[in-house]
Amino acid sequence: LAVFTLFYLTKVRLNNEELLTGDSLVGAVSKKSINSDQIKQVEILDGIITQDDLSNEKLEDWFGATEIFNVSESVSIEDSNISKRSFFSIDSVLSVNIQCNVETIGFSAFKECKSLVSVEIPSLKYLSDQCFSGCRKLEFVDFPNLKIVGAYSFYMCINLKKVDFPY
């Protein structure tokens, strides 16, 4: 079992059950005796997510079976960005909805997420190179404040049906 500590989270919902963590996601999961492979839906409702929390190894270990990943607007993500390769090749994720302060998605952050269908990040302004490259099932993206799209960001997104950004 990987050590995944979102030290500043105060409220999390896993598989539709709300948990008050007080310190870490690991503590909340451990108290409920939930294995990471049983977590299908993650909703982070309140707290701070650090860049270390967004490393690919930690996300893959803890959320490798997660299909829905939501972050509410009351959460703060450190440095307002999703790190490069954060969700890289995490095949279980179907939907990502981040309603908080994310302005930048790093290089290849969601590359090769083979099951990803929809992404909504209203505050997003900068999309780095190859962010969603190889997401063959991606159909819908909603980035209403996007200003810059990096090279090959949607390369091989062969099912893309709706792109919502101001271009």
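A cavity here is a set of points, on a 1 Å grid over the protein atoms alone, where a 1.4 Å probe fits but cannot get out; its volume is the space filled by probe spheres set on the points, which are joined across faces, edges and corners. The model is predicted, so to speak of local features takes pLDDT of at least 70 and side-chain atom pairs count only at pLDDT 80 or more, while totals for chains, interfaces and linings use all residues. Residues are numbered from 1 along each chain as its sequence is written, and side-chain values use heavy atoms, with hydrogens and water left out.

Let's start inside. The structure has 1 cavity of 30 Å³ or more, and the largest cavity holds about 30 Å³ of space. Its lining (residues with an atom within 4 Å of a point) is made up of Ile-49, Leu-54, Phe-69, Val-71, Ile-77, Ile-82, Phe-87 and Ile-98.

Now for the strands (DSSP runs of E, at least two residues, numbered from the N terminus), which pair if DSSP finds at least two bridges between them. Strand β3 (residues 41-49) runs parallel to β4 (residues 68-71), joined by 4 bridges, with Glu-43 opposite Asn-70. β4 also pairs with β7 (residues 95-98), again parallel and over 4 bridges; there Val-71 stands opposite Ile-98, and both of these line the largest cavity.

Elsewhere, β6-β8-β10-β12 is the order of an open sheet of 4 strands with parallel pairing. β6 (81-82) and β12 (148-149) are its edges, each with a single partner strand, so one side of each has no neighbour in the sheet.

Methods. 1 Å grid on protein atoms, 1.4 Å probe; cavity = no way out; pocket = protein on both sides within 12 Å on 5 of 7 lines; lining within 4 Å.
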